[in-house]
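Subject: Structure handover

Hello,

Please find the structure below, with the sequence. My notes on it follow.

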Amino acid sequence: MEIQQNIDNSLNVPSQDEIALEDFYPGAGRGELLARMKGAIGTGVPFMVLSGGDGSGKTMMCRMLERECSSAATVVHFPRTVESFEDVVRIVARTLGINPSGEEEGKTVDAAITHIISHLAHQPTGLLVIFDEAEDIYLATLERIRKMSDRLTTAGAKMQIIFSGRKTFLENCEQLSICDFRHTEDLNFELLQLTEQETADYLRRFSERMVNQEK
């Protein structure tokens, strides 16, 4: 598998379906950032934003969090931009094992959220939802996701959300600040582009792993 270095020190990494977690690069503060985000999840921070440029490693970080937090929470990972709020609710419900009966199938999204709240109220672990490519989520969908989180929290259900995307997502968040949301703690994390030395170190580690696999 060939990896090319771009002139801006980002990497042409494999597609999301090809990402191998053993390729995670702990250097350049990546390991520390992963630990900080896991700590924030452990302390119950409801909203987290992971921002960075193309090729900075956001998708890899999301995959690492999905794996390392799966024992402490039910993790729902949207690796690509969600099409609609209805898709979010449907996939979360399905992941939780909530299967509506035939007569409930056509009921509203509101009813599905009620089922999710009821389910989480009886679970010792909470719900962690990770949205990758978050900068492309429609503002109306973002607003409904936030309101869903407020509703779950008010009802005593534990839901945490990570939005991962380019820095333009932060501008979208500012547009949502005028909405009437429940006051919550938000944390922002940023992945910086690798320096030339860090890129060389990453490529060396990757090459060594590939050589070892071929032996």
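Glutamate 208 is partly exposed, at 41% relative accessibility (buried is under 20% relative accessible area, exposed is over 50%, and partly exposed lies in between; 1.4 Å probe, protein chains only). Arginine 204 is also partly exposed, with a relative accessible area of 41%. These two side chains form a salt bridge, with the closest N and O atoms 3.2 Å apart; the term means a side-chain nitrogen of Lys or Arg within 4 Å of a carboxyl oxygen of Asp or Glu. Arginine 204 and glutamate 208 are four residues apart in helix α7 (residues 196-214), so about one helical turn separates them. Salt bridges with shared partners join Asp201, Arg204, Arg205 and Glu208 into one network.

Before the rest, the basis of these notes. This is a predicted model, in which local features need pLDDT of at least 70 and side-chain atom pairs count only at pLDDT 80 or more, while totals for chains, interfaces and linings use all residues. Residues are numbered from 1 along each chain as its sequence is written, and side-chain values use heavy atoms, with hydrogens and water left out.

The mean pLDDT of the chain is 83, and 82% of its residues reach 70 or more; pLDDT is the predictor's confidence in each residue, from 0 to 100. Confidence is lowest in strand β1 (residues 4-5), at a mean of 36, and highest in strand β5 (residues 126-131), at 96. Over residues 1-16 the pLDDT is below 50, and this stretch has 37 contacts in the model beyond near neighbours in sequence (contact means heavy atoms within 4.5 Å). Where pLDDT is low, the predicted coordinates should not be read in detail. Helices (H or I, at least four residues) and strands (E, at least two) are DSSP runs, numbered from the N terminus.

Back to the charged pairs: the salt bridge count is 13. Arginine 144 and glutamate 86 form one of them, at 3.0 Å, N to O. Arginine 144 is in helix α5 and glutamate 86 in helix α3 (residues 85-95), so this pair ties together parts that are 58 residues apart in sequence. Within α3, aspartate 87 and arginine 90 lie three residues apart, about one turn of the helix, and they form a salt bridge with the closest N and O atoms 3.0 Å apart.

Helix α5 (residues 139-154) has 16 residues and reaches 23 Å from first C-alpha to last, close to the 22 Å expected (1.5 Å times one less than the number of residues). Its buried residues include Leu142, Ile145 and Arg146. The charged end of arginine 146 sits over the ring of phenylalanine 47, 3.9 Å from its centre (the rule: NZ of Lys or CZ of Arg within 6 Å of the ring centre and within 35 degrees of the ring normal). Just after α5, glycine 156 takes a positive phi of about 90 degrees.

Last, the aromatic pairs, of which there are four. Rings of Phe, Tyr and Trp (its six-membered ring) pair if their centres lie within 6.5 Å; planes under 30 degrees apart count as stacked, over 60 as edge-to-face and the rest as tilted. Phenylalanine 78 and phenylalanine 131 are stacked, 5.0 Å centre to centre with 5 degrees between the planes. Phenylalanine 78 lies in strand β4 (residues 73-78) and phenylalanine 131 in β5, so the pair ties together parts 53 residues apart in sequence. Phenylalanine 78 is buried at 5%, and phenylalanine 131 is buried at 1%. Ring pairs link Phe78, Phe131, Phe163 and Phe169 into a cluster.

Regards
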